[in-house]
Amino acid sequence: VALACANKVITILYSLNLGLMLFAQIIIVIAVLGVPGHLDQIVDSVLEMSFEHYGQTDSLGKAITVFWDKLGEDSDRPCCGLHNYTDFKLGESSTLPPSCC
């Protein structure tokens, strides 16, 4: 940042970049929170898509597997998917989270 202050062009470009990012964030917040119930639909959609990756060995699959396994560990309210175990796409190598058993 100190180097950018020495060069006016870089300082202006940096300021414009920050301004555009702030503007984009404001638009996203308005779009997501401005419509009642819209956020719930987005979250449900993302969570439903995550079931397809549960148990896979790639980095996304591992992260989703850890997410659903940890979510189901709550002893007061065990969780097995959004609705029940049928949310998980059971294929040849698919397994259910421990909370479903």
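This is a predicted model: local features need pLDDT of at least 70, side-chain atom pairs count only at pLDDT 80 or more; totals for chains, interfaces and linings use all residues.
Helix H2 and helix H3 (38-50) each supply at least two residues of a nonpolar surface patch. Which helix gives the most to the patch? Helix H3 does, with five residues.

Leu33 sits in helix H2. Is Leu33 buried or exposed? Leu33 has a relative accessibility of 59%, so Leu33 counts as exposed, the cut-off being over 50%.

**The fold and its confidence**

The chain has four helices and zero strands. Read from the N terminus, the order of elements is α-α-α-α. The chain has a mean pLDDT of 79. A score of at least 70 is reached by 83% of the residues. Helix H1 (residues 2-6) has the lowest mean pLDDT, at 62. Helix H2 (residues 8-33) has the highest, at 88.

Of the 101 residues in the chain, 16% are buried. The chain exposes about 7900 Å². Carbon and sulfur atoms supply 65% of that area. Among contacts with a separation of 6 or more, 29% join residues 24 or more positions apart.

**The aromatic cluster**

How many aromatic pairs does the model hold? The count comes to two. In one, the ring centres of Phe51 and Trp68 are 4.9 Å apart and the planes meet at 25 degrees, so this pair is stacked. Phe51 lies in the loop between H3 and helix H4 (59-71), while Trp68 belongs to helix H4, so the pair ties together parts that are 17 residues apart in sequence. Both Phe51 and Trp68 are buried.

The other pair is Phe67 with Trp68. Why does this pair count as edge-to-face? The planes stand at 75 degrees, with the ring centres 5.2 Å apart, and the cut-off for edge-to-face is over 60 degrees. Phe51, Phe67 and Trp68 form one aromatic cluster.

Trp68 has a relative accessibility of 2%, so Trp68 counts as buried. Phe67 has 41%, so Phe67 counts as partly exposed.

Ser50 is placed in helix H3. Ser50 has a relative accessible area of 9%, under the 20% cut-off, so Ser50 is buried. Which residues does Ser50 contact, leaving aside its neighbours within four places in sequence? They are Ile64 and Trp68. Trp68 is also a member of the aromatic cluster.

Thr65 lies in helix H4. With a relative accessible area of 17%, Thr65 is buried too. Leaving aside neighbours within four places in sequence, Thr65 is in contact with His53, Tyr54, Gly55 and Gln56.

The table gathers the accessibility values.

| Residue | Relative accessibility | Class |
|---|---|---|
| Trp68 | 2% | buried |
| Ser50 | 9% | buried |
| Thr65 | 17% | buried |
| Phe67 | 41% | partly exposed |
| Leu33 | 59% | exposed |

Trp68 thus has a place in several parts of the picture. Trp68 stacks with Phe51. Trp68 pairs edge-to-face with Phe67.

Definitions and conventions: Residues are numbered from 1 along each chain as its sequence is written. Side-chain values use heavy atoms; hydrogens and water are left out. Buried means under 20% relative accessible area, exposed over 50%, partly exposed in between (1.4 Å probe, protein chains only). Contact means heavy atoms within 4.5 Å. Accessible areas come from the Shrake-Rupley method with a 1.4 Å probe; for residues, only the protein chains shown count as cover. pLDDT is the predictor's confidence in each residue, from 0 to 100. Rings of Phe, Tyr and Trp (its six-membered ring) pair if their centres lie within 6.5 Å; planes under 30 degrees apart count as stacked, over 60 as edge-to-face and the rest as tilted.
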